[in-house]
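Hi everyone, thanks for coming. I'd like to walk you through a few side-chain pairings today, so please have the viewer open.

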Amino acid sequence: SGFEACARNRTLLDSAAAIARQDDFSQSSTRRQFSPRIAISFPMSATSTVYFNFGRYSQNPLYNNLFQNTGIGLDSGAAGGGFCSGASSVRPGTTECLPTLFSDLFRTAFVGNTNLLIEGTTAYEVGYSSELSRLYGLSVALFSKDQYGLSGVKNGGLDALGNRVFDPGNTYGKSLLDYSVILNQDFQTVRGFEIQLRRRVSNRWGFNINYSFAQATTNAAPPELEQESQRRGDPTARQELRSEIDQSHVFNTSLQFRVGADAPRWPVIGRLLVNSDASVTLRAASGLPYTPTLTFQGLGNSQAERNSGRGPSTLTVDLQLAKRWTMGNLLYGGFIRVANLFNTRNCIQVFPTTGRCDAGTIDQSTRRQGNTTNTESSSFYNRSWYYSSERSINAGIRVSF
């Protein structure tokens, strides 16, 4: 009985395969989600308030995670290269492809799941907001976000309760249960606080200062990254680990200057500044996590704990200038925007062997091409995609009538 009988009897195997394929083309279930919002605000005085917000938010899973390698919407032979071209790869009586669960040339990526549920987030926020004077304001908020039912990769044939989560591979022509499917099994937690101090524009200037601290942990990386980590032999996560989006410190500040129709009493340039604006924005942030490789060659299972390293911090300054004037019955406006004013080379991706952008070697378990330590080429360490964008300048004119 069972798998042993199917292995001995081809007719029984074909019958088992036909049954197993039925649910691959059945109607997917309807998704429903209840997303309530609750907000409470309590005035402490005429200028200060304590508030509490609660919400359950939802988002649909990525369409790629629903349909990848399911064959849904693909006709036999449509992809070329012999893909879904044999009779065993086509749903009987149709031209629709069956799921691609194995290949003679490469390992198949995960198989999509059209019955994925809606991903959810439960968020809490407690805050205090106050006007310190006519010009200044202060806000402090503590927040917590619990994301659940996120799409994650499941390997093997059984879930934690011993239930089979996908059809045995031999019903599709292979005896090994070595492909992966997507299930609603991952989660992520983000907790932190935010402080904001602001000054309204008065006497031609104002500012906004914002600082936030947060920590994000998760049980696994997104499906593609998780599968890549498993295949290259990264240490298995035994507990919640630092999320790849964990950015502990973020500091933003902007300084605004605004001149209206009343010209400042400054020699020469006073009249030129009428109806003009200027703003300078600075953003500083801690680096993003990465998984260090403990040997310079990057060979073998020598990775440290996942996301235990952190890249360099970043700093960016932007500038914007604007001017308005009238000619006839038309109102003209001109602006100049300069991103990365000082052309700072921020490191946004690092070599896992050094944690730097300008020296190190890539992880050989994910290397696609090139030589490990070839230093004859002057451009070996010059990887432009490891750095943020260079300075860019945009200018424009607007006409209103």
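Predicted model: local features only at pLDDT ≥ 70, side-chain atom pairs only at ≥ 80, totals over all residues.

Take aspartate 262 and arginine 204, whose side chains meet in a salt bridge at 3.4 Å, N to O. Aspartate 262 sits in the loop between strands S8 and S9, and arginine 204 in the loop between S5 and S6, so the pair ties together parts that are 58 residues apart in sequence. Aspartate 262 is partly exposed at 48% relative accessibility, and arginine 204 is partly exposed at 29%.

Now look at aspartate 246 and arginine 310, with a salt bridge at 2.6 Å, N to O. This pair links distant parts of the chain, 64 residues apart: aspartate 246 is in the loop between S7 and S8, and arginine 310 is in strand S11. Buried or exposed, what is aspartate 246? Its relative accessible area is 4%, so aspartate 246 is buried. Arginine 310, at 28%, is partly exposed.

One more pair for the list: aspartate 146 and arginine 191 form a salt bridge at 3.5 Å, N to O. Aspartate 146 belongs to strand S4 and arginine 191 to strand S5, so this contact ties together parts 45 residues apart in sequence.

Phenylalanine 42 lies in strand S1 and counts as exposed, at 53% relative accessibility.

Definitions and conventions. Residues numbered from 1 in each chain as written. Heavy atoms only, no water. Helix = DSSP H or I, 4+ residues; strand = E, 2+ residues; numbered from the N terminus. Buried < 20%, exposed > 50% of the residue type's maximum accessible area, 1.4 Å probe, protein only. Salt bridge = Lys/Arg side-chain N within 4 Å of Asp/Glu carboxyl O.
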